[in-house]
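Morning, everyone. Let's get the model up on the screen and go through it.

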Amino acid sequence: MNRIEQLFADKKGEILSIYFTAGFPGPEDTRVILKALQSSGVDLVEIGMPYSDPVADGETIQASNQRALDQGMSVEKLFGQLATMRSVGITIPVILMGYLNPVYQYGIEKFCAKCKEIGVDGLILPDLPLDEYKGEYEEIFRRYGLLNIFLITPQTSDERIKEIDANSSGFIYMVSSASVTGATSGVNDQMEAYFERVRSLGLKNPQLVGFGIKDKDSFQRASKHASGAIIGSQFVRVLEASASDLEAGIQEFIKGVRD
């Protein structure tokens, strides 16, 4: 069983997923951050592949992408940094998140084969349409044991959500609002009504809430309506503020969300 599927089989609620941008704040920080997140008790990690035009992301993650690129981060370098992660004790599921263009330039099958080789469990590619995935890439992803995680938003119709659910495994990324990352603050009543609409559909896949999750309160509020939540922009801010002692900053932040 894929590590993502195993996680959701073993743990039914309050799953904490953390996003960070590879190569930020420093070009060699990826492994340090990954190890610190695991030791802090995070359940799932999403590592962002820096891209020059991250259209779904707000100012904070855009800036982290640009800084990482300016410091020489690339898909090839990220693979090198993750090459030994499983042999040095990283056991939690790892997802690579980014945009289709860098993956396409690397070579779709070559990219997927490399992910399997180093122990990546899944991909989140927000600009990969469901129909294109089904027609062009699904067989390749399956061949290399990669789960492709789709996003839904409050504007996604019930019919489309059900179609995504039928063609997904692992979990569904439930975007909390029609905005970019970091643009919302906390969870409000309108979001909760949307979460309940999704829950009423009886989907086979669990959901994690993303966008606007930043602290213990928003994490717990989102987790009442889903299997857990994803923190991205706020964690990137923590990394920047803790650049001189990443491990301590990460431990303190995660403890504040969990306790």
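In β3, I47 has L96 as its bridge partner. This is a predicted model: local features need pLDDT of at least 70, side-chain atom pairs count only at pLDDT 80 or more, and totals for chains, interfaces and linings use all residues. Residues are numbered from 1 along each chain as its sequence is written, and side-chain values use heavy atoms, with hydrogens and water left out.

Back to the strands. β2 (residues 44-48) and β3 (residues 94-97) run parallel, joined by four bridges. Strands here are DSSP E runs of at least two residues, helices H or I runs of at least four, numbered from the N terminus. Two strands pair if DSSP finds at least two bridges between them. Five bridges join β2 to β1 (residues 15-21), also parallel. There, T21 stands opposite G48.

How covered is β2? Five of its five residues are buried. Buried means under 20% relative accessible area, exposed over 50%, partly exposed in between (1.4 Å probe, protein chains only). L44, E46 and G48 lie on one side, V45 and I47 on the other.

Now salt bridges: a side-chain nitrogen of Lys or Arg within 4 Å of a carboxyl oxygen of Asp or Glu. The count is 18. One of them pairs E192 with R221, at 2.8 Å, N to O. That pair links distant parts of the chain, helix α9 (residues 189-199) and helix α10 (residues 216-223), 29 residues apart. E192 is buried at 16%. R221 is partly exposed at 24%.

Compare E117 and K114, at 3.4 Å. They sit three residues apart in helix α6 (residues 108-118), so about one helical turn separates them. E117 is exposed at 58%.
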